[in-house]
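Me: I am new to this structure. Please pick one part, look at it closely, and then show me how the rest of the chain is laid out.

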Amino acid sequence: MGESVNVMRKWVFPILRLLVVAAIAVALVKLAFFADTAEALDPAQPTGQIVEPQVPVALGTITNDVTLPGTVSADAAVPVKAVAIGTVDELFFAPGQTVTAGDKLYDIKVETVLDPVETTDETGLVTITQPKPAITFEKVFAPASGVLSALTVIHGQSVAIGDVTGQVAPPSYSVSGSLSPEQQYRLVTQPTEASITITNGPAPFTCTGLRISTPLAGADADPTAGGADTGSGTAASGTTVSCAIPAEVTVFPGLAAQITIAGGKAENVLVVPTTAVKGSAETGVVWFVLEDGTTEERPVTLGMNDGTSVQVVEGLAEGDLINQFVPGAVAPTDCLNPGEICADTGTTLH
């Protein structure tokens, strides 16, 4: 027993150590002088590459609902304007009173100068007489139903046609919001109504008479398009969406709301991610994957867009492969090492 132990210590262990040292030396020589690829010899040559993720063109459904924040506001007051040149004769209402459209608010005394009258007596003497002016009264009616919030004329005051002499505040409300240019592209047809959800308010309801207005350069914003800006982003210089709130719905100025405009729905149509298309309205370009793995630009005709997917009307067929992202898309930032899967896009770095 003691003799065999001595043999192991004297011969076997030293031989094993020599073998291990020899293997390490061979490995170091291989790494130093016999690299696997030419790229490994060039530290400036990248050893990894990004494989473009691809997606197939598939059938799907596009629900084109455009949603934007809005604010409830009282409808703008309607001005009361003088309709003739003259003096205010009699007032029939006072500020604060409720009026109905067509009520007579006041009348204007109009004096019309008549032509001189020429007469000749028996002796041939000609006499010119200036008759008294003709007196008529023009009525000024309430332009809308509501509360007469202002009436700025008094008896005997001179007025001219078009002078603003009062305001009628209607008891109605509207909800309005700003529509971005990108969202306007998604409204391929002119909507007439929208679904309104009041924050912490009643159940969603439908408002009708939807208006989309864009003030022309040099013109004031549409005064009927939701009233004054309440700080909700309803910019006077931008495109505004507004619609009337039904009278049976109780609301208050300043309430926040969500406006949902149904822009249509397309079922069983070809859809691709919006990230795969350069251009998002009417026409676009995709990077079509060829059989050899390369890609080519291919123009497509676009339909509805829900902000995530877009309908392809022409230019692709079901099952075609295209790049998921157009060139120049922001590179993923959460994966830096080859073999790592990027959590945000699913891209694998090789």
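Reply: A276 sits in the loop between β17 (256–273) and β18 (278–281). The model is a predicted one. Is A276 buried or exposed? Its relative accessible area is 1%. The cut-off for buried is under 20%, so A276 counts as buried.

What does A276 touch, apart from its neighbours within four places in sequence? Its contacts are V285, V286, I322, N323, Q324, F325 and V326. A276 and F288 are 12 residues apart in sequence. In space, their C-alpha atoms are 9.8 Å apart.

Next, the disulfide. The chain has 1 disulfide. It joins C207 to C243, with an S to S distance of 1.7 Å. C207 lies in strand β15 (residues 205–213), and C243 lies in strand β16 (residues 240–244). The pair therefore ties together parts that are 36 residues apart in sequence. The torsion about the S-S bond of C207 and C243 is about -75°, so this disulfide is left-handed. Are its two cysteines buried or exposed? C207 is buried, with a relative accessible area of 0%. C243 is buried too, at 1% relative accessibility.

Now to a sheet. Here 4 strands form an open sheet, in the order β9-β6-β4-β11. The pairing is antiparallel. Which strands stand at the edges? They are β9 (134–141) and β11 (158–159). Each has a single partner strand, so one side of each is left without a neighbour in the sheet. Inside that order, β4 (residues 86–91) and β6 (residues 104–112) run antiparallel, joined by 4 bridges.

Last, the whole chain. It holds 3 helices and 22 strands. Of its 350 residues, 28% are buried; A276, C207 and C243 are buried residues. The chain exposes about 21,400 Å². Carbon and sulfur atoms supply 59% of that area.

Terms used:
Residues numbered from 1 in each chain as written. Predicted model: local features only at pLDDT ≥ 70, side-chain atom pairs only at ≥ 80, totals over all residues. Heavy atoms only, no water. Helix = DSSP H or I, 4+ residues; strand = E, 2+ residues; numbered from the N terminus. Buried < 20%, exposed > 50% of the residue type's maximum accessible area, 1.4 Å probe, protein only. Contact = heavy atoms within 4.5 Å. Pairing = 2+ DSSP bridges. Disulfide = S-S within 2.5 Å. Areas by Shrake-Rupley, 256 points an atom, 1.4 Å probe, with all protein chains shown as cover.
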